Amino acid sequence: MKKLFGTDGIRGQANHYPITAELALLVGKATAQVFGRDAVPGTRLRAVLGKDTRSSGYMLESALTSGLLSMGMDVLAVGPMPTPAVAHLTKSMGAACGIMITASHNPASDNGIKIFASDGFKLPDETELKIEQQILGGELNSEHITPELIGKTTRIDDARGRYIEFAKSSIRNMSLKGMKIVLDCANGAAYSIAPLIFRELGAEVIECGVQPDGLNINRECGALYPQNMGRLVREHGADLGIALDGDADRVIFCDEHGEEVNGDRIIGMVALDYRQSRRLNADTVVVTSMSNLGLHRAMREAGIKVEVTDVGDRYVIERMRGGNFNLGGEQSGHIIFMDYATTGDGILSALHVLQLLKRRNRRLSELASFMTVFPQELRSVKVGRKAPIAELPGLSELIARGEAALGESGRIIVRYSGTENKMRVLVESESAELVREWSDKLCAQAAKELA
């Protein structure tokens, strides 16, 4: 069982185990050693290394670089860059792996390390386990790397331009002239690159969240605070709003009225368009267990099958690859266009939504109205421990009672966050009153047993 890697890399509070300079050095060494095993003798392997805008990124970048170089791996440093850009560059530049320093939507006090394989996809569990075993096993001696074999670091000055051209080409450089958009970059990795992309395609951009100071990433801005872009859309009379998270692998929209449009609605409206144009592989979309039941009903009525995975975009991607599906994602805004990208990509998703609006000459509110949303409440409860839910008698009994009360038209999902010390409690039903009642009860019981 993995001890360091969670559902999305290694993550925690910066300068506290496991997000320390000492461990990052070992991660660099172990990553180089694991990927070096399959290298052709005499060749030098390369790693693409990017980061978001957290001040702790400097510390981790230096430590990771030192570890990689000491084991003979060259480093292609790209600086602040969206996570999906690092994944794309890893594949396009022929690197052995890619490493992104980010804690995604978490506060600035946290940080993390995500690793991509040479194909741009996140590492499978077995590779993460191999890296962990090297780190925890204490066998990372680099003395066999003689001075002439020590790696070198190269700053890739055109990395931003490479990703910009890739993103624009995914919609064939369609002109966005005449569109006015609000763009909230969460003071994160896309603060510089995202406004450039939309402006180069001709859109009028009202930007916010583009002044990172190392400590303000995700702070009351970005995808976690869609009310900000909603307000600006109304103030400026914009066509829509786009809010990215700290590493820009997810996106939340709002329509021309400033009303939020989440990942469920985006996946559904794109799926309907794809099916109409016969581009939806196997007439199937892949979502997680958190997607609204209203999406399931709308897809079923349109003749589109819905595959369901555990929460986490890595599980969505695994199912998509296994079934050769080309569209999937999460309600939270991780949307995977597998024909173009190997991971959730907020900028690319936004471009494809804008392309759809232009091509169909419709407003976002019109296209997003295909589904009736079931009342749903998702709450987070801070926990002091993560005991198996089956071992919590009070909570287990309450879940069973709640499921019986909601019946077949509702559901309860209780799970632990894979990246934070929190329990997620989702209650959904056609009755908003029942949703509130059982959400209150479950959260109170969870807090009582896990304080």
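Tutor: Start just after H7, where glycine 237 takes a positive phi of about 60°. The model is predicted: local features need pLDDT of at least 70, side-chain atom pairs count only at pLDDT 80 or more, and totals for chains, interfaces and linings use all residues. Residues are numbered from 1 along each chain as its sequence is written, and side-chain values use heavy atoms, with hydrogens and water left out.

Student: What makes a stretch a helix or a strand here?

Tutor: Helices are DSSP runs of H or I with at least four residues, strands are runs of E with at least two, and both are numbered from the N terminus. H7 covers residues 226-236.

Student: Which residues of H7 are buried?

Tutor: Pro226, Asn228, Met229, Gly230, Leu232 and Val233. Buried means under 20% relative accessible area; exposed is over 50%, and partly exposed lies in between (1.4 Å probe, protein chains only). The cover over those H7 residues includes strands S7 (180-184), S8 (204-208), S9 (240-244), S10 (251-254) and S11 (260-261).

Student: Why is threonine 288 called buried?

Tutor: Its relative accessible area is 1%, so threonine 288 is buried. Threonine 288 belongs to strand S12 (residues 284-288). Leaving out residues up to four places away in sequence, its contacts (heavy atoms within 4.5 Å) include Val308, Asp310, Val316 and Glu330.

Student: How do you know that both faces of S10 are covered?

Tutor: Look at each side. Val251 and Phe253 are buried on one, Ile252 and Cys254 on the other.

Student: What makes S9 and S10 a pair?

Tutor: Two strands pair if DSSP finds at least two bridges between them. S9 and S10 have 4, in the antiparallel sense. Leucine 244 stands opposite valine 251 in S10. The two strands form a hairpin with 6 residues between them, and alanine 248 in the turn has a positive phi of about 65°.

Student: How many bridges join S10 to S11?

Tutor: 2, and the strands run antiparallel. Phenylalanine 253 stands opposite valine 261 in S11. That hairpin has 5 residues between the strands, and glycine 258 takes a positive phi near 85°.

Student: Why is H8 called oblique to H11?

Tutor: First, the values. The axes of H8 (residues 263-276) and H11 (residues 346-360) come within 11 Å and cross at roughly 55°. That angle makes H8 oblique to H11. Angles under 35 degrees count as roughly parallel, over 145 as roughly antiparallel, 65 to 115 as roughly perpendicular, and the rest as oblique. Axes are lines fitted to C-alpha atoms, for helices over the stretch in contact, and angles run from 0 to 180 degrees between N-to-C directions.

Student: Which residues meet there?

Tutor: From H8, Ile266, Met269, Val270, Asp273 and Gln276; from H11, Val353, Leu356, Arg359 and Arg360. By class, this contact has 5 nonpolar, 1 polar and 3 charged residues. Nonpolar covers Ala, Val, Leu, Ile, Met, Phe, Trp, Tyr, Cys and Pro; charged covers Asp, Glu, Lys and Arg; the others, Gly among them, are polar.
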